[in-house]
Amino acid sequence: MTDITVPQLGESVTEATVGSWMVKTGDTVSRDDVLVELETDKVAVEVRAEADGVMGEIFASEGDNVEIGARLAVIEAAGGAGGADAADAAEPASEAGGTDDEDVDDNKAGEETAKSAAPSSGDTVDATVPQMGESVTEGTIGSWLVKAGDTVDIDQALVEIETDKVAVEVPSPVAGVVAELLVDEGDTVAPGDAVARINEGGSAPAEDTNSKASDSADPASEKKTMPSAARVIEENKLDANSIEGSGKDGRITKGDALKAAAAPKAATSTAPPAAAPAKTPAAPSAPTAPRETGPREERVRMTRLRQTIAKRLKDAQNAAAILTTYNEADMSAIMAARKAHQEAFVAKHGVKLGFMSFFVKACCHALKEVPAVNAEIDGADIIYKNYYDMGVAVGTDRGLVVPVVRDADQMTLAEIEKEIIRLGKRARDGKLSIDEMQGATFTISNGGVYGSLMSMPILNAPQSGILGMHKIQERPMAENGQVVIKPMMYLALSYDHRIVDGKEAVTYLVRVKENLEDPQRMMFDL
């Protein structure tokens, strides 16, 4: 007798909900057959048979909450009492021509067909979610690049996983055939979770005509739905019979349900009109169905990166006491220096002398004088940082990312320019690593490249300061009693007033202004 228990589902997962049982007591099962689906707050997991035999007692019903290691069911030896009873019950049922026990024979026939169609292969190897960075604990399954039955090479990309920072590809650990996709598009997974099974060295199976004939012979059979998909269907009041399942045996996956939810017209027309009134009193607190889109509207699901950007910016507003102070800087000195030395700078270093390197240097110099702007709050403590890792905001097609220039105070202008160019290219290509975006102590955002004249930047938590650069605009300024035209830039410093006092914030921004208007101050450490 073999116990079927709840497997480990991740370091932070302590319980799961029993989804759909695929078998019943008395069914004959083979090793690795799917017995039941478990649903967690992160992923749906299939529990498989660990040995051949006959299903014995099932201890957990669908919908029950079970803890890790809890006993779900038992598998009895095929030659045991349970197997004999099942065989005895199946034989007269077959002769009578129609009871539920016919399912046992159907299952056996299906298993034999599946075995004959299975690819010849060696070991079955799991493709797992790689480590995605020290602080990244989960990601969302994006687009599958393969399907069950496809032949794959070693290291071939199987699926893309979106995290709150980057997109990560899961490679095939071996060359072979994709035996099964274990998760659906839209599912949340953690590092180490298995997402697919590969039959090492296998070849693609022949088309299963018997299975197709069986499917066509029973068009009225009820569609199977994964628990994660069932939840989406219920929340969005969808009709499961109108959704085409792409999972194993035509099962409706979460991705199928999400696609159906994104087409509210079709979902609304096929949903039973009486479904809404039949809801329980708790229905008002349930998520509402997406509103119907118009003929000139397009519904696109937010990427995980965009969802995280939205969440973190709102969290920063809710958690920090954000205040913004403004000033303006005369950019004449920097523009004159760039014009005078640009040609020689490019000849020696191979990159142009831009404005960002001056701003990075000016900010580092000012941070040393006003350390509170380079600090962060940790509970009831303040952590002062004696290093200067500058985050430089970069806009990409996927959204805003903030790669980090490490130890910027120790770098030359040329080194800063080269590093910003390198990080910017990696950001636009979607190749930034987690380490390249973690640990900044202060952030610079340049809205001026898009034409912004003035804005109020939002803090990049847990930092206590962010500087907003803006467009250089020629304006009439008073100088020695005369009106002259100057290239001016508005500067905005947003800061956390819980840790940075107004005097410190204004002093910091004035030092940045002075460093920009007279770059020699930084050379002489003034």
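# Reading the features of a predicted model

Guide: Arg291 is exposed, because its relative accessible area is 53%.

Visitor: What do the words exposed, partly exposed and buried stand for?

Guide: Buried means under 20% relative accessible area, exposed means over 50%, and partly exposed lies in between (1.4 Å probe, protein chains only). This is a predicted model in which local features need pLDDT of at least 70 and side-chain atom pairs count only at pLDDT 80 or more, while totals for chains, interfaces and linings use all residues. Residues are numbered from 1 along each chain as its sequence is written, and side-chain values use heavy atoms, with hydrogens and water left out.

Visitor: How many residues does the protein have, and what share is buried?

Guide: The protein has 526 residues, and 41% of them are buried.

Visitor: How do strands make a sheet?

Guide: Strands of a sheet pair through backbone hydrogen bonds, either parallel or antiparallel. Two strands count as paired if DSSP finds at least two bridges between them. Here, 4 strands in the order β1-β8-β6-β3 form an open sheet with antiparallel pairing. β1 (2-5) and β3 (28-29) are at the edges with a single partner strand each, so one side of each has no neighbour in the sheet. β1 and β8 (residues 71-76) run antiparallel and are joined by 4 bridges. Ile4 is placed opposite Ala73 in β8.

Visitor: Which strand is joined to β18?

Guide: β18 (residues 375-378) is joined to β19 by 4 bridges, and the two run antiparallel. Ala375 has Tyr384 in β19 as its bridge partner. The hairpin of β18 and β19 has 2 residues between the strands, and Gly379 in this hairpin takes a positive phi near 65°.

Visitor: Which residues other than glycine have a positive phi?

Guide: Asp155 is one of them, with phi near 70°. Asp155 sits in the loop between β11 (151-152) and β12 (157-162), and is exposed at 58% relative accessibility. Asp407 is another, with phi near 45°. Asp407 belongs to the loop between β23 and α10 and is partly exposed at 33%.

Visitor: What is a salt bridge?

Guide: Side chains of opposite charge can pair when their charged atoms come close. The cut-off is a side-chain nitrogen of Lys or Arg within 4 Å of a carboxyl oxygen of Asp or Glu. The whole structure holds 21 salt bridges. Arg291 forms one with Glu297 at 2.9 Å, N to O; Glu297 is partly exposed, at 40% relative accessibility. Glu376 and Lys385 form another at 2.5 Å, N to O, and both of these residues are buried.

Visitor: Which parts does the pair of Asp389 and Arg406 tie together?

Guide: Asp389 and Arg406 meet in a salt bridge at 3.4 Å, N to O. Asp389 is in the loop between β19 (381-384) and β20 (390-392) and Arg406 in the loop between β23 (404-405) and α10 (413-428), so the pair ties together parts 17 residues apart in sequence. Asp389 is buried at 7%, whereas Arg406 is partly exposed at 33%.

Visitor: What is a nonpolar core?

Guide: A nonpolar core is a set of buried Ala, Val, Leu, Ile, Met, Phe, Trp, Tyr and Cys residues joined through side-chain atoms within 4.5 Å. The largest one has 50 residues, and Phe442 and Tyr508 have the most contacts inside it. Elements that each supply at least two residues of this core include α8 (332-349), α9 (356-369) and α11 (502-517). α9 gives the most, with 9 residues. A second, separate core has 18 residues, among them Val23 and Leu35.

Visitor: Where is the cis peptide bond that involves Pro462?

Guide: The bond runs from Ala461 to Pro462, with omega near 5°. Pro462 lies in the loop between β24 and β25. Leu453 is also found in the loop between β24 (442-446) and β25 (465-469), and is partly exposed at 38% relative accessibility.
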